[in-house]
Amino acid sequence: ESGYISYDESYGNTGSCQSEITFINGEKGILRYRGYPIEDLAEHSSFLESTYLIIYGELPTQSQLDAFRNKVRDSAEVHVGMEHHFDGFPTGSHPMAILSAMLNSLGCYYPEMSTNNRQQDLESFDDAVAVLLSKVRTLAAMSYRMQVGKHFIYPKHKLRYSENFLHMMFSDPYQDYDDSSGLAHALDLFFLLHADHEQNCSTSTVRMVASGGANLFASVSAGVCALWGPLHGGANQAVIRMLQEIHDSGDDGRRFIESAKSGDAKLMGFGHRVYKNYDPRARILGKAAEKVLSAIGYEDDPLLNIARNLEQAALEDDYFVERKLYPNVDFYSGLILKAAGIPPEFFTVMFAIGRMPGWLANWHEVASDEKARIHRPRQVYQGPGVRDYVPIENR
Ligand code: SDX
């Protein structure tokens, strides 16, 4: 009657799960993919190489990486039938709503990979990985082209992963996208840093859906919906809006810090459920943002200056220090996306493209675990005790 639920073997519900993919130490600000520190991967690896590591557990040999890269490259186009889906979305539809719908619809074009028969879906996993990794980019670019009223641009075989994405976003029939400012490399680093992050809200959603036996397409579509929330993946868009509003108000950030301390505002891009130290990804993205902005001649971008002011002020202020609030992955990432010409409403879509490897790896970890049971969290019941029914005339 009290409704108190403790750990119970029959439910298998401990509120945590076991995984071999990503390790985080929140107190020390440590993040590793399959044991490799994020700092080393950011410096030496690429998004696709780290994707291979996250999904298959080991860094690939050259021939493995070449085969993986070619498989992803060859999966970039979508069935022409999917182009008509875009006709049904009203202009101004949020790209995260479009992406979650399109990823689930994608499964309809691959019935052999979305059977909801665990064994069959596992057998086609490698093919489904290439389909989803490659086409999440294509679908994202198509939703952008639809929003701006432009023809879809087809992928080009000779382009690398991130460059092909920018090509599909910004090329025109008469003028190919020019990556001379090296933004594709910055985007590749952005994707790599977002590739997995333990049991965050969206990844644990993917595991929840996978635990019921649902296929990969349905599971990652649910992950997109969870990521959309402003406290999770939606924060990168909120950070840029916050920096712009601070700039437009003539504040250098100090006034805003006071409003955050009084509870009148949230310092978006700060704080974390796990990191009670600097998010290592924020450190890397902060440097990358400076490099990208300088490469395109924006070294004095006012929003970067405000971000640096906020960071400095917060790191010295007791309110933030006592609550262990540090910059997280979203604090600087929006500056890179803005420099790449990505509209703010697409920032969380970019997070989803980056997080796809983690969702795929976590789906596989659940689906391939023979002992895995359906995730069925219990609750602490706090409603009324048993009551007799009252006929409506007596209420
Ligand atoms: C991501 O889980 C993951 O791994 C997620 C992620 C990933 O890679 O998947 O890392 C990506 O989601 C990063 C987080 C992006 N969200 C934001 O930047 C939104 C702003 N941050 C906050 O909403 C908040 O910090 C959370 C949601 C991120 C974490 O919330 P917590 O740990 O539950 O902290 P809390 O809400 O309990 O706050 C503790 C205190 C409160 O003050 P008091 O009640 O003690 O007086 O800190 C304050 C909060 O008011 N606080 C903030 C703050 N975050 C917390 N005050 C001002 N600004 C903030 N950002």
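Being a predicted model, it needs pLDDT of at least 70 for local features and 80 or more for side-chain atom pairs, while totals for chains, interfaces and linings use all residues. Residues are numbered from 1 along each chain as its sequence is written, and side-chain values use heavy atoms, with hydrogens and water left out.

Q: Which residue in strand 2 is the bridge partner of T22?
A: Strand 1 and strand 2 (residues 30-33) run antiparallel and are joined by four bridges. N25 stands opposite I30. For T22, the partner in strand 2 is Y33.

Q: Which residue takes a positive phi in the hairpin of strand 1 and strand 2?
A: That hairpin has four residues between its strands. The positive phi, near 65°, belongs to G29.

Q: What share of the ligand's exposed area does the protein bury?
A: Let's start with polar contacts (pairs of N or O atoms within 3.5 Å). A polar side-chain atom of R281 lies 2.7 Å from a ligand oxygen, and one of N328 lies 3.0 Å from a ligand oxygen. By Shrake-Rupley with a 1.4 Å probe, the ligand alone exposes 1100 Å², and the buried share is 73%.

Q: How many charged residues does the shell around the ligand have?
A: The ligand has 22 residues around it (a heavy atom within 4 Å), and among the nearest are H197 and R355. Counting Asp, Glu, Lys and Arg as charged, the shell has eight nonpolar and seven polar residues, and the charged ones number seven.

Conventions:
Two strands pair if DSSP finds at least two bridges between them. Helices (H or I, at least four residues) and strands (E, at least two) are DSSP runs, numbered from the N terminus. A polar contact is a pair of N or O atoms within 3.5 Å; within protein, one must be able to donate a hydrogen and the other to accept it, and residues adjacent in sequence count only if both atoms are side-chain atoms.
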